[in-house]
Amino acid sequence: MKITLIGFMGTGKTTIAQQLARDMNLSMIEMDWVVLQSTGYKDMNELFTSAGELLLREWEIKLAKEWRDSDDVIVSAGGGAVMNKIVIDYLKEQNAKVIFLNTSFQAILDRVIKDSVPRPLFKDINAAKDLYDFRLPLYKKYADLEVATDGKTVEQVVIDIKGLLKA
Ligand code: S3P
């Protein structure tokens, strides 16, 4: 089984993918981590500043293609994966279940303010909100399943996802 988690920055994709992978005995791949490991940048801010966003977008294509035939894996995709049809199409291959973590912008904001993950596309709140509004229909369009996460613990979201996968 191949599962791809999509959603905006700060929706909890990484944490939920880790928990789900443990529960379902699958491997977990965090796309951003592989990009950073492969390019040698310490975080996304450094990558954006030194190399530019395009490098990330090129790596997203390369990795999604590399993983197209992967099995028994959960891919936690970067928030921008839906901006490029090539990327999302590769992520969808092998009958992957694409799951959209649907979190309100307010809940995302509360989380992003507290955590320390460098997010170059979340420096300006108004610009981030515009990006969120722009992407929301894309996440919905590409998802096979959608889980609302507001007010839920990681465990609750994982239970919801497992329920949807069984149904
Ligand atoms: C991005 C999301 C980030 C990271 C980069 C760009 C985006 O990943 O790939 O900062 O375009 O939404 P997360 O969604 O895992 O934070």
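A residue counts as near a molecule or strand if one of its heavy atoms lies within 4 Å of it. The model shown is predicted, so local features need pLDDT of at least 70 and side-chain atom pairs count only at pLDDT 80 or more, while totals for chains, interfaces and linings use all residues. Residues are numbered from 1 along each chain as its sequence is written, and side-chain values use heavy atoms, with hydrogens and water left out.

**View 1. Residues around the ligand.** The ligand is surrounded by 13 residues, and the closest are Lys 13, Asp 32, Arg 57, Gly 79 and Arg 135.

View 2. A polar side-chain atom of Arg 135 lies 2.6 Å from an oxygen atom of the ligand, and a side-chain N or O atom of Arg 57 is 2.7 Å from a ligand oxygen atom. At Gly 80, a backbone N or O atom lies 3.4 Å from an oxygen atom of the ligand. Taken alone, the ligand exposes 390 Å², of which the protein buries 95% (accessible areas by the Shrake-Rupley method with a 1.4 Å probe).

View 3. Strand β1 (residues 2-6) is joined by four bridges to β4 (residues 97-102), which runs parallel to β1, and Leu 5 stands opposite Ile 99 in β4.

Technical notes: Pairing = 2+ DSSP bridges. Helix = DSSP H or I, 4+ residues; strand = E, 2+ residues; numbered from the N terminus. Polar contact = N/O pair within 3.5 Å; in protein donor to acceptor, adjacent residues only side chain to side chain.
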